[in-house]
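User: I have a structure open and would like to go through it piece by piece. Can you help me read it?
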Amino acid sequence: MSERFYVTTPIYYPSANLTIGNAYTTVIADSLARWHRMLGEDVLFLTGSDEHGQKLQQAAEAQGVSPQAYVDYMVNHDIKPLWDRYNVRYDRFIRTTDDFHQKAVQDIFQKLYDKGDIYLGKYSGHYCVPCEAYWTDSQLVDGMCPDCGRPVQEMTEECYFFKLSNYADRLTQYYEDHPDFIQPAARMKEMLNNFIKPGLEDLALSRTSFSWGIQVPFDPKHVVYVWLDALTNYITALGYPEETEDFKTYWPADLHLVGKDIIRFHTIIWPITLMALGLPLPQQVFGHGWLLVDGDKMSKSKGNVQDPYVLADIFGVDAIRYFLLREIQFGQDGNFSGEALINRINSDLVNDLGNLLSRSLAMFEQNFPKGFPEEREAGDFDQDLLDQAQTSFDQASAYLHALKISSALNSIWDLIRRANKYIDETQPWVLAKEEGHKARLAAVLYHLVDVLRRLSLMIAPFMPETAEAIDAQLAIARPDRQANSQGLSWAEAGQAGLYPINHPAARGDALFPRIKMDETLTRMEKAAKDKQKSRDQQKAEDFAQLAKAGA
């Protein structure tokens, strides 16, 4: 495994309220980044906001404010607060309106033009404003955008074109030579069969029908196509086109995490751009599935959006993070429902993890209120429990390296289930009542508490607040809880027998309260409506004030 790990999410459009589906991608990236930090690796986790394009210009005009004022508001009131709420600890946040990024995009455009990969022509065809995508007649589905299903615009305008067609054979060969470049593997077949084999067309790389974008350096009436602007953030954030230490250290990226609806841009336009610039390609692009509600993609227009703030307020952030990571097989579409969420919380978090902590600490405090003694007697089942702790960590690491996130969490839960079984096998309540078993009781309870300490490390990348809560009840503190610090690696803190002796615990409330199904589902529905109404009203008031101030 590499000693450094550079992971990215897509940069998000600040044009609408984000959904739990947007949070899904970013929570995955955050969890992976945290895990790799725990391994002691040098991690860079990049996310950001995609702030140019016709759609944003139109949204700003509708609010009576400038595009810059609009995106500033949306980034600071929508995107960044949501990541804060979900404990997403990115290392860098890039905005495509950042001065350094805009200059870099102009330099890239100029390089491609000077190289002969860009030429001036005229585009006539179909354009989807919401997707910022061009489509041919054969790619439309019933005359609509094949990605979002909405109407396209007939468009004719002068454009600069990128000679994608010149790189079709080279990209195909790269796919063959690097079979893991696109994951899941079926996505590669989609790119080949739907876009490359039918004949890869040159890409319209500029627009003149609107002005909110990065100007083409040698022809300022043109603005750069938003996808070239957006995709290049992965290298401009590292200082490209300068040969910075960051660029030399972190590029090529280890992993681009994207939704399957934008994988075409990341696996055709982006690698060809890098080839044209003479740069190495990222190690892997992973196109995950959608969160579905009743079998349909989550969409505000369909009224089936799950509000991430409401979910966090009702269930807690860690419960939502866990559900997203555990319930859905990464790479496939996953169904989101209140019933499945509540069942998962009550089963895994209340019955398994919460019960293990409360049972273990209650017996610890009752029998050893001043902490564990030096004398502890080994016995049956101890080694099985200790072996499972290391096995769970090793398996989770292997699964995460293969991006099998649900399986990784299941491996960790194998240890939780084994520890609960260990309680039933050793029967510490019996040992406590019988004379002459104090040392054996101390050993049993010590193993349970020390396993909880190790479990706290293992679950911290996925449920950081829960890990902190476990640490608090164990009355221990570790610097690895700092947001962007490497802290203590598993090699330093993950071994058995490191819980201090003569150290009392500080048992507190249950980690997760049991949730009542019917009344909680009713509460979810009402809270979502109230939250949306409140949010819309607040935004209307804020934009009215900005417009009045001439922003």
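User: Let's start with Leu 257. Which strand is it in?
Analyst: Leu 257 is part of strand β12, which covers residues 255–259. Keep in mind that this is a predicted model.

User: Is Leu 257 buried or exposed?
Analyst: Leu 257 is buried, since its relative accessible area is 0% and the cut-off for buried is under 20%.

User: What is Leu 257 in contact with, leaving aside its neighbours within four places in sequence?
Analyst: The contacts are Val 7, Thr 8, Thr 9, Pro 10, Thr 25, Ile 28, Ala 29, Leu 32, Phe 286 and Phe 330. Take Pro 10 from that list: it is 247 residues from Leu 257 along the chain, yet their C-alpha atoms are separated by 6.9 Å.

User: Sheets next. In what order do the four strands of the open sheet come?
Analyst: The order is β5-β4-β6-β8, and the pairing is antiparallel. β5 (133–135) and β8 (203–204) are the edges; each has a single partner strand, so one side of each has no neighbour in the sheet.

User: How many bridges pair β4 with β6?
Analyst: Ten bridges, between β4 at residues 118–128 and β6 at residues 153–162. One example is Tyr 123, whose bridge partner in β6 is Glu 157.

User: Which helix lies across β5, β6 and β8?
Analyst: That is α10, residues 263–277, and it runs at about 100° to β5.

User: And the open sheet of three strands, what is its order?
Analyst: β9-β11-β10, with antiparallel pairing. Its edge strands are β9 (206–207) and β10 (215–216), and each of them pairs on one side only. β10 is joined to β11 (residues 219–224) by two bridges, and Gln 215 has Val 223 as its bridge partner in β11.

User: Now helices. At what angle do α12 and α15 cross?
Analyst: Roughly 110°, with the axes coming within 7 Å. α12 (residues 317–327) is therefore roughly perpendicular to α15 (residues 405–426).

User: Which residues make the contact?
Analyst: From α12, Tyr 322, Leu 325 and Arg 326; from α15, Ile 405, Ser 406, Leu 409, Asn 410 and Trp 413. By class, that is five nonpolar, two polar and one charged.

User: Last topic, the backbone. Where are the cis peptide bonds you can tell me about?
Analyst: One runs from Tyr 240 to Pro 241, with omega near 15°. Another joins Trp 251 and Pro 252, where omega is about 5°. Pro 241 lies in the loop between α8 (233–236) and α9 (245–250), while Pro 252 is in the loop between α9 and β12.

User: What about Asn 87, what is its phi?
Analyst: Asn 87 has a positive phi of about 55°, although it is not a glycine. Most residues other than glycine have a negative phi. Asn 87 sits in the loop between α3 (67–85) and β3 (92–95) and is buried, at 9% relative accessibility.

User: And Gln 427, where is that?
Analyst: Gln 427 is in the loop between α15 and α16 (428–433). Its phi is positive as well, about 50°. At 36% relative accessibility, Gln 427 counts as partly exposed.

Notes
Residues numbered from 1 in each chain as written. Predicted model: local features only at pLDDT ≥ 70, side-chain atom pairs only at ≥ 80, totals over all residues. Heavy atoms only, no water. Pairing = 2+ DSSP bridges. Contact = heavy atoms within 4.5 Å. Axes fitted to C-alpha atoms, helices over the stretch in contact; angles between N-to-C directions. Buried < 20%, exposed > 50% of the residue type's maximum accessible area, 1.4 Å probe, protein only. Parallel < 35°, antiparallel > 145°, perpendicular 65-115°, else oblique. Nonpolar A, V, L, I, M, F, W, Y, C, P; charged D, E, K, R; others polar.
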